[in-house]
Amino acid sequence: MSSVPLSVYLVLALILFCIGLFGALTKRNAVIVLISIELMLNAVNINLIAFAKYGINPSITGQIFSLFTITVAAAEAAVGLAILIALYRNRKTVNVDEMDIMKR
Amino acid sequence: MNGELILFFVLALVAIGSGILMLNLTKVVHMVIALVFTFLSIAGLYVMLSAEFVAFVQVLIYSGAITIIMLFGIMLTRHDDKTETKIGVPRMILVLTGIVAFFVVMFFQINDLSFGEQAADLHVDNTEKIGIALYSKYVIPFELTSVLLLVALVGAIILAKRDDEDKGAEDNE
């Protein structure tokens, strides 16, 4: 029925996860770090939906899992951005390597 | 080489290319705009994987809400400085080595993974099936998610509220 195998989707999700991991570890702007984390969560969602169709036991459960993941990711983005704005008001910076107030 | 494979490769190319573009651009607004294309092509992949409702949710939440909230975050903070001051070369090499090692290990694990052809009919009445499962089998996680969203809403408002306005409100009372 389908010609695209499961492993190709998994490799694509792995590549996107690695891009997000690299961005989260090397970028200095905290907004970009947050959105890189969103990209990693998206890669996980691709895995969930691919297993929902091509897994051992294909059912609708994988899609429902990914819906919950999207909801939690949206809540995480909102709270993370609120923390970022509160931090910017106090420290006047959004660079993650200058957020070392607990290290000193 | 049929149409489905071509569509998959186009969507995957747009997704990965926009991700690489996000890593290489200098202005932060352009990075977020590049990631919109990644999110949209991932929504296309969801349609290919017979998950139409999740594709709509992806377009609404990621391409709409999260991108806009990230753009708000960029506009409300200082964004004029370009990120040309990168991190040091030793740390970059360390991060690259770790990520390449992770990629290689995971790639050889999942490269020839296949569970055979599964005859799933997920695309038939997709939204109806999701609704029935969400309100019967997963009703408690669904309600817990609503509580989580409420907590995140209140927490975000309290975190982002100004302190001097807080004092002013207390003085008024």
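Student: Does B:Thr145 count as buried or exposed, and at what relative accessibility?

Tutor: B:Thr145 counts as buried, because its relative accessibility is 12% and the cut-off for buried is under 20%. Keep in mind that this is a predicted model.

Student: Where does B:Thr145 lie, and with which residues is B:Thr145 in contact once its neighbours within four places in sequence are left aside?

Tutor: B:Thr145 lies in helix H6 of chain B. With those neighbours left aside, B:Thr145 is in contact with A:Phe68 and A:Thr71. Both of these residues belong to chain A.

Student: How should I read the size of an interface?

Tutor: The usual figure is the accessible area that is lost when the parts come together. Between chain A and chain B the buried area is about 7,200 Å², and carbon and sulfur atoms give 77% of it. Chain A puts 72 residues into the contact and chain B puts in 78 residues.

Student: How many salt bridges are found across the interface of chain A and chain B?

Tutor: The rule finds zero salt bridges there.

Student: Which residue of chain A can I take as a case with contacts to chain B?

Tutor: Take A:Ala73, which touches B:Tyr62 and B:Ile66 as well as A:Glu38 and A:Leu41, not counting residues up to four places away in sequence. A:Ala73 lies in helix H3 of chain A. A:Ala73 counts as buried because its relative accessibility is 2%.

Student: What does separation along the chain tell me about separation in space?

Tutor: Read the two values side by side for each pair. A:Ile37 and A:Ile56 are 19 residues apart along the chain, and their C-alpha atoms are separated by 29 Å. In chain B, B:Glu52 and B:His123 are 71 residues apart in sequence, and the C-alpha to C-alpha distance is 7.3 Å.

Student: Which residues does B:Glu52 touch, not counting residues up to four places away in sequence?

Tutor: B:Glu52 touches B:His123 and B:Asn126. The position of B:Glu52 is in helix H3 of chain B. B:Glu52 counts as partly exposed because its relative accessibility is 26%.

Student: How many helices and strands are there in chain B?

Tutor: Chain B has seven helices and zero strands. Of its 173 residues, 32% count as buried. Among contacts in chain B between residues at least 6 apart in sequence, 56% join residues at least 24 apart.

Student: What should I look for in the backbone angles?

Tutor: B:Ser50 is not a glycine, and its phi is positive, at about 55 degrees. B:Ser50 lies in the loop between H2 and H3 of chain B. B:Ser50 is buried, because its relative accessible area is 4%.

Student: Which other serine of chain B could I look at, and where does B:Ser41 lie?

Tutor: B:Ser41 lies in helix H2 of chain B, residues 28-48. B:Ser41 counts as buried because its relative accessibility is 4%. Its contacts, leaving aside neighbours within four places in sequence, are B:Leu11, B:Val14 and B:Ala15.

Student: How is empty space in a structure found?

Tutor: A probe the size of a water molecule is rolled over the atoms, and this shows where empty space is left. The largest pocket here has a volume of about 290 Å³. Helix H3 (61-91) of chain A and helices H3 (52-76), H5 (126-136) and H6 (139-160) of chain B are the elements that give two or more residues to its lining.

Student: Which residues lie nearest the centre of the largest pocket, and how many residues of its lining are nonpolar, polar and charged?

Tutor: A:Leu67, A:Thr71, B:Phe53, B:Leu134 and B:Phe142 lie nearest the centre, out of 18 lining residues. The lining divides into 13 nonpolar residues, five polar residues and no charged residues.

Terms used. Residues numbered from 1 in each chain as written. Chains lettered and ligands numbered in written order. Predicted model: local features only at pLDDT ≥ 70, side-chain atom pairs only at ≥ 80, totals over all residues. Heavy atoms only, no water. 1 Å grid on protein atoms, 1.4 Å probe; cavity = no way out; pocket = protein on both sides within 12 Å on 5 of 7 lines; lining within 4 Å. Points joined across faces, edges and corners; volume = space filled by probe spheres on them. Helix = DSSP H or I, 4+ residues; strand = E, 2+ residues; numbered from the N terminus. Nonpolar A, V, L, I, M, F, W, Y, C, P; charged D, E, K, R; others polar. Contact = heavy atoms within 4.5 Å. Buried area = accessible area lost by both parts, 1.4 Å probe. Salt bridge = Lys/Arg side-chain N within 4 Å of Asp/Glu carboxyl O. Buried < 20%, exposed > 50% of the residue type's maximum accessible area, 1.4 Å probe, protein only.
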